Amino acid sequence: MLILVRSIQGRTTIFSPEGRLYQIEYAMEAISHAGTVLGVLAKDGIVLAAEKKVTGKLLDLSGAKEGGYGGSGEKIFLLNSNVIGGVAGITADANSLVNYARTAAQKHLFLYNEDIPVELLAQRLCDLKQGYTQYGGLRPFGVSLLYAGYDPHYEFQLYHSDPSGNYSGWKATCIGANNGTAQSLLKQEYKDDISIDDAIGLVLRVMSKTMDSTTLGSEKLEFATLTLDPTTKQPKAKVYRPAEVDALLQKQGLGKKDEDTEMKTS
């Protein structure tokens, strides 16, 4: 009898007295310890920033500096030409969902000859995530996602989805560690008519106050923007390379100070 009780408690589909799934609660707790991901919706674009947890001097970052579309591939991903995704949680689970999202986006493009609407892509992923909370023997995905995207009908949109399969639209939001502090800062400073340049400054200021690190730098920060190309009027996703992130931080006055100068003044 004791063995039977233990096996039942270990299942993924057991409800708590409040009607919640224990495994979902544990997944949400795991996400709250992951690197911060912050998204802000502006009138002319969207800004995403993320805190990298996997850092080290011996990491080979040549791919992020030279190849691909920028970024280290840990926190911010290009899901489609009109959608960028930011992930917080278990990176292995995130990789699986990112591949699924990219496949869904390409299927939609093949069938209808147009980019997938942002909310539809969020729905597709949420349907998959909800299925993993429904059957015994499966565990939920331990990852939350931010979707920053554009479609001609609703224009720029920012969505957040969690391991249960719920999703919601936001003007500005944060997932991962210190998300409560970031949300309160965003409530104070966010304005509905904010421009993309002001949104970049707001995101970097909030990240500087919520990240565990004392100084911001490209080794701990990923950054991306989604805007409209002025000539083609098509969405243009940009995932910043390390050198571009450092230049952006210097422009905002948040970059690292010259160590030699600090040595001389001390």
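Q: Which residues is Val 203 in contact with, leaving aside its neighbours within four places in sequence?
A: In this predicted model, Val 203 is in contact with Leu 38, Val 40, Val 47, Ala 49 and Phe 223, once neighbours within four places in sequence are left aside. Contact here means heavy atoms within 4.5 Å.

Q: Which members of the largest nonpolar core touch the most other members?
A: The core has 47 residues, and Leu 38, Val 40, Ile 200, Val 203, Leu 221 and Phe 223 touch the most other members. Helix H7, residues 196-210, gives the largest share of this core, with eight residues. Apart from it lies another core, of 20 residues, which includes Val 83, Ala 104, Val 143 and Tyr 147.

Q: How do you know that the span of H7 agrees with what its residues should give?
A: H7 has 15 residues, and at 1.5 Å a residue they should span 21 Å. The expected span uses one less than the number of residues. The end C-alpha atoms of H7 are 21 Å apart, so the two values agree.

Q: Which residues of H7 are buried, and what do they pack against?
A: The buried residues are Ile 196, Ala 199, Ile 200, Gly 201, Leu 202, Val 203, Leu 204, Val 206, Met 207 and Thr 210. They pack against strand S1 (37-42), strand S2 (45-51), helix H6 (179-189), strand S9 (221-228) and helix H8 (242-251).

Q: What makes the contact between Glu 189 and Arg 205 a salt bridge?
A: The cut-off is 4 Å between a side-chain nitrogen of Lys or Arg and a carboxyl oxygen of Asp or Glu. For Glu 189 and Arg 205 the N to O distance is 2.9 Å, so the pair is called a salt bridge. This pair links distant parts of the chain, with Glu 189 in helix H6 and Arg 205 in helix H7, 16 residues apart.

Q: How many salt bridges does the count come to?
A: The count comes to five salt bridges. One of them joins Asp 93 and Arg 139, with the closest N and O atoms 2.8 Å apart. That pair also links distant parts of the chain: Asp 93 is in helix H4, while Arg 139 is in the loop between helix H5 (118-131) and strand S5 (143-151), 46 residues apart.

Q: What makes Arg 20 and Glu 25 a salt bridge?
A: Their side chains meet at 3.5 Å, N to O, which is within 4 Å. Arg 20 is exposed, because its relative accessible area is 51% and the label needs over 50%. Glu 25 has a relative accessible area of 35%, so it is partly exposed.

Q: Why is Phe 110 called exposed?
A: Its relative accessible area is 75%, and exposed means over 50%. Phe 110 lies in helix H4, residues 91-112. Together with Leu 111 and Tyr 112, Phe 110 makes a nonpolar surface patch of about 440 Å².

Q: What do you call Asn 95, and why?
A: Asn 95 is called partly exposed because its relative accessible area is 32%. Asn 95 is found in helix H4. Its C-alpha atom is separated by 9.8 Å from that of Lys 75, 20 residues apart along the chain.

Q: How do you know whether His 160 is buried or exposed?
A: His 160 has 14% relative accessibility, so it counts as buried, with the limit at under 20%. His 160 lies in strand S6, residues 155-161. Not counting residues up to four places away in sequence, His 160 touches Ser 144, Leu 145, Leu 146, Tyr 147, Asn 166, Tyr 167, Ser 168, Trp 170 and Ile 175.

Definitions and conventions:
Residues are numbered from 1 along each chain as its sequence is written. This is a predicted model: local features need pLDDT of at least 70, side-chain atom pairs count only at pLDDT 80 or more; totals for chains, interfaces and linings use all residues. Side-chain values use heavy atoms; hydrogens and water are left out. Patches are made of residues with over 30% relative accessible area and no salt bridge: like charges are joined within 9 Å, nonpolar side chains (Val, Leu, Ile, Met, Phe, Trp, Tyr) within 5 Å. Accessible areas come from the Shrake-Rupley method with a 1.4 Å probe; for residues, only the protein chains shown count as cover. Helices (H or I, at least four residues) and strands (E, at least two) are DSSP runs, numbered from the N terminus. Buried means under 20% relative accessible area, exposed over 50%, partly exposed in between (1.4 Å probe, protein chains only). A nonpolar core is a set of buried Ala, Val, Leu, Ile, Met, Phe, Trp, Tyr and Cys residues joined through side-chain atoms within 4.5 Å.
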